[in-house]
Amino acid sequence: MQQGGVTPGLTGERIVALVIVLTTALFLSLTFGEVSAFARQSAGRGPYFFPRIVLIALVFAECFLLWSVFARGETAEARPVGWKFAGLVLATAAYCALIPWAGFLISSVLYGFAVPVLLGRRDVLLLAVVSLVYSVALWMLFERVFLIILPASPFDIGF
């Protein structure tokens, strides 16, 4: 239902999309500050290297977000927020809160298992294997290739 020629929610979606892009651009600009001695000694890899790559990828992905939000006509209907979306937001918040206590690897395995379950997947064995392999691969990529130390588990198990 339109009110004064503007679809309720569509203007809000545009504002949120612009805020996301501007926030990402701000974070990206902050990565070009002073380079640490660790990054200079490790051929540029270190705490500044990986966030810059992720933020550049996010800017490209957000171009599609902007296009989808602004290309829609004013007569498009606003989509209601679903329970799956709310569950994903809560799962992501729980994941972020769990990392300092359980470490990156354990938290990532649990998160990697929980998200597909929230989205409706039910093949538990496959989900467990994929979340474990993916989390270990990501942990090794950060620790061995990017030389970024991730939060370790407090259980003294080496990761």
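1. Buried means under 20% relative accessible area, exposed over 50% and partly exposed in between, with a 1.4 Å probe and protein chains only. By that scale Cys96 is partly exposed, with a relative accessible area of 49%, and Cys63 is partly exposed too, with 44%. Searching the whole structure for disulfides (a pair of cysteine sulfur atoms within 2.5 Å) gives zero.

2. This is a predicted model, in which local features need pLDDT of at least 70 and side-chain atom pairs count only at pLDDT 80 or more, while totals for chains, interfaces and linings use all residues. Residues are numbered from 1 along each chain as its sequence is written, and side-chain values use heavy atoms, with hydrogens and water left out.

3. The protein chain has a mean pLDDT (the predictor's confidence in each residue, from 0 to 100) of 78, and 74% of its residues reach 70 or more. Where pLDDT is low, the predicted coordinates should not be read in detail.

4. An unreviewed UniProt entry lists "transmembrane region" at residues 15–37, 49–70, 85–112 and 124–142; such annotations may be inferred rather than shown by experiment. Residues 124–142 are 100% helix, with end C-alpha atoms 27 Å apart. Residues 85–112 are 96% helix, yet their end C-alpha atoms are 16 Å apart.

5. Glu62, in helix α3 (residues 49–71), is buried at 7% relative accessible area. Its side chain makes a polar contact of 2.8 Å with that of Thr24 (N or O atoms within 3.5 Å; within protein, one able to donate a hydrogen and the other to accept it, and residues adjacent in sequence counting only if both atoms are side-chain atoms). Leaving aside residues up to four places away in sequence, Glu62 touches (heavy atoms within 4.5 Å) Ile20, Val21 and Thr24.

Definitions and conventions: Helices (H or I, at least four residues) and strands (E, at least two) are DSSP runs, numbered from the N terminus.
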